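Work through these exercises with the structure open beside you. Each task is followed by a solution in steps.

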Protein chains: 2
Amino acid sequence: MTKRVYNFYAGPATLPLPALEKAKEDLLNFENTGMSVMEISHRSKEWQNEMDAADALIRDLMKIPNDYQVLWLGGGASTQFLMTAVNLQVEGKPMEYINTGGWSSKAIKEAKLYGNVNVIASSEDDKFRYIPKDYNISDNAAYLHITSNNTLYGTEWHHWPTPPSDVPLVVDMSSDLIARPVNVKDYGAIYAGAQKNLGPAGVTLVIVREDLLNRVPENTPSMLKWSIHAEKGSMYNTPPVFPIYMCKQSLQYWKDFGGVEKIEKLNREKAKILYDVIDQSDGFYKGHAREDSRSLMNVTFTMASDEIESKCVTEGTKRDLIGLKGHRSVGGMRASIYNAMPIEGVRALAEFLTEFKESNQ
Amino acid sequence: MTKRVYNFYAGPATLPLPALEKAKEDLLNFENTGMSVMEISHRSKEWQNEMDAADALIRDLMKIPNDYQVLWLGGGASTQFLMTAVNLQVEGKPMEYINTGGWSSKAIKEAKLYGNVNVIASSEDDKFRYIPKDYNISDNAAYLHITSNNTLYGTEWHHWPTPPSDVPLVVDMSSDLIARPVNVKDYGAIYAGAQKNLGPAGVTLVIVREDLLNRVPENTPSMLKWSIHAEKGSMYNTPPVFPIYMCKQSLQYWKDFGGVEKIEKLNREKAKILYDVIDQSDGFYKGHAREDSRSLMNVTFTMASDEIESKCVTEGTKRDLIGLKGHRSVGGMRASIYNAMPIEGVRALAEFLTEFKESNQ
């Protein structure tokens, strides 16, 4: 029996075990071709079938309308920070952003290289503990960009902004894609680095409404144009084959599991278990995010001192509860409980935290 | 026993079997962490060790001097077409290119977006059958760019250009990295998409002389700056973890094999077997590349008609000799015999081609 731990890392993160087992089984012989999926030509019909299947699965799970393109790109979500501005900027219009933490800030920084950026709201005044509710979106904005879930601070949008109809909403969903249903037609573009809810690091999913593909200036480098990748079915260049293959295995698992509504139900159940431990700890564990902005994906909390936090991480590790240390830029503790974290892992963590409180308060 | 074929695809391409077997063994439990290498945080010490090991292996195999940085980036070599210009362009200086086929042409196209490009030589006049020998490199060029091996046409540089000492030589070595020894200090920068000689698709190796990292303009997007990736040890953003891990397994195999001199010896032996079949076929097989420009990696040839070529591909496939069809933009036949193609595969192909000639001439 292979040793497996409960992995609370913020990403790369735990994957569905059956997806990994399938990959292991296939590793030397993909679809009985006598080649690994890593070895077969991306122009082969066997690989094309696999790409098509990955496309079909994400379209099915997210109910993506036909007038949206699905792209599988290398370079990470960090590349989409600049590609968003490159592809959607309109001369003379402001690009609008809401700043909810580290990832939003990075997206803003890159957009500023391409024109006028308005940060219309920010929760920096309170250490990014909340999702802003008061903001005005300009009628003439090129787009509005938000980060749906903030891994560093453990906050998440529960009520989506509703920009004027001419202003596309662009969302970095890297850390909560398919964690809950979304209505894709409410967005101009959605992008997500795979390594939290979708698959392994190395591929980024972009979902973009077709009419927005025409905005990009002609003299843009080919690899930075969404339109070229769309036209070439994500194979303008050799795609990151194995990461896409793993996303497909993972998406197949979630389809078999029963789809996004069921995933959300489980995610709410999992998050409640941990937030209950925090809320019932008489302040021994102190949640970082405000209650109305809490993330279903990243449960962040602090304790009375660095020493006790460090002790908690160490004792957790001894129980095979791995990756509980908060992000280096924030400190504290963080349990990331993406889709693929089993509820048994969350229960084991809750039990440990309860016991740890009893022996250390 | 797992079915395995001989895979002559041009990339993604065959990988060393022991590297795949190691990956299979590790898949659910990397370094006894109880996690897949796809699941563990890229900030963990176990992953840092793996990155460091990949770095050390490529430095050892290529004898990379200390004043060169090694970067592992997402986005493919196609992204390096633009990043070369972005990072090395100097205002007022021409960027010089030698055009030896499809990949060079794409690199040239992207560079033109960033300034004045001089194509100082091209073999387009004869369907890219040769590597140009006559050209003058400007003393004030920002850099000279070449593609060392041309997968589409089956040509390869055998005598490197020697630009003036102030002009860095930049080489796209995607299809012949570590296929033969090179003297890294003769180059300003070398880059290579992994999916031919190094590992699977999804990661690109960049080797760049440190003093060149200062050229990039301040207002360049972060992800496009080699300097940022160098400063952050290729972890400015989440790197393509699994592709890098596979490169490491593959590099370990080549180190154990005996290093680049031994790889080259084998590559020359392999290529000679196939070129001998072509040269001794009385014109039944006609080599595409001129003899003095022949590639050790991609053996390209044509036959009397499309029909006979198609029959040859079909019969080869029946013998588990896969991927012999030439690139769609060129036609004809192509056998890609990168480092990891065993000599037994080349012998099997030679035997088949000899028999096929006998029964079809």
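Buried area is the accessible area that two parts lose on being put together, summed over both. The model used here is predicted.

**Exercise 1. Describe the interface between domain 1 and domain 2 of chain A.**

Solution. 

Step 1. Find the two parts. Domain 1 of chain A covers 18-257, and domain 2 covers 259-360. Their C-alpha centres lie 27 Å apart.

Step 2. Count the residues in contact. Domain 1 of chain A contributes 30 residues, and domain 2 of chain A contributes 27.

Step 3. State the buried area. The two domains of chain A bury about 2,500 Å² between them. Carbon and sulfur atoms give 53% of this area.

**Exercise 2. Which polar links and which elements are found where domain 1 of chain A touches domain 2 of chain A?**

Solution. 

Step 1. Look for salt bridges. Take the pair D292(A) and K133(A): their side chains form a salt bridge, at 2.7 Å from N to O. This passes the test, because the cut-off is 4 Å.

Step 2. Name the elements on the domain 1 side. β6 (149-150), β7 (155-156) and α6 (241-257) of chain A each give two or more residues. α6(A) gives the most, with three residues.

Step 3. Sort that side by class. It holds twelve nonpolar, eight polar and ten charged residues.

**Exercise 3. Describe how chain B meets chain A.**

Solution. 

Step 1. Count the residues. Chain B brings 64 residues to the contact, and chain A brings 64.

Step 2. State the buried area. Chains B and A bury about 5,000 Å² between them, with 62% of it on carbon and sulfur atoms. On the chain B side, L28(B), M38(B) and E39(B) supply 14% of the area buried against chain A, more than any other three residues.

Step 3. Look for charged and polar pairs. Two salt bridges cross this interface. One joins the side chains of E39(A) and R4(B), at 2.8 Å from N to O. Polar contacts link 21 residue pairs between chain B and chain A, both residues at pLDDT 80 or more.

Step 4. Name the elements. On the chain B side, α1 (17-26), α3 (76-88), α4 (102-111) and α6 (241-257) each give two or more residues. α1(B) gives the most, with six residues.

Step 5. Sort by class. The side of chain B that touches chain A has 29 nonpolar, 24 polar and eleven charged residues.

Technical notes. Residues are numbered from 1 along each chain as its sequence is written. Chains are lettered from A and ligands numbered from 1 in the order in which they are written. This is a predicted model: local features need pLDDT of at least 70, side-chain atom pairs count only at pLDDT 80 or more; totals for chains, interfaces and linings use all residues. Side-chain values use heavy atoms; hydrogens and water are left out. Domain bounds come from an automatic or database domain assignment. Contact means heavy atoms within 4.5 Å. Buried area is the accessible area (1.4 Å probe) that two parts lose on being put together, summed over both. Helices (H or I, at least four residues) and strands (E, at least two) are DSSP runs, numbered from the N terminus. Ala, Val, Leu, Ile, Met, Phe, Trp, Tyr, Cys and Pro count as nonpolar, Asp, Glu, Lys and Arg as charged, and the others, Gly among them, as polar. A polar contact is a pair of N or O atoms within 3.5 Å; within protein, one must be able to donate a hydrogen and the other to accept it, and residues adjacent in sequence count only if both atoms are side-chain atoms.
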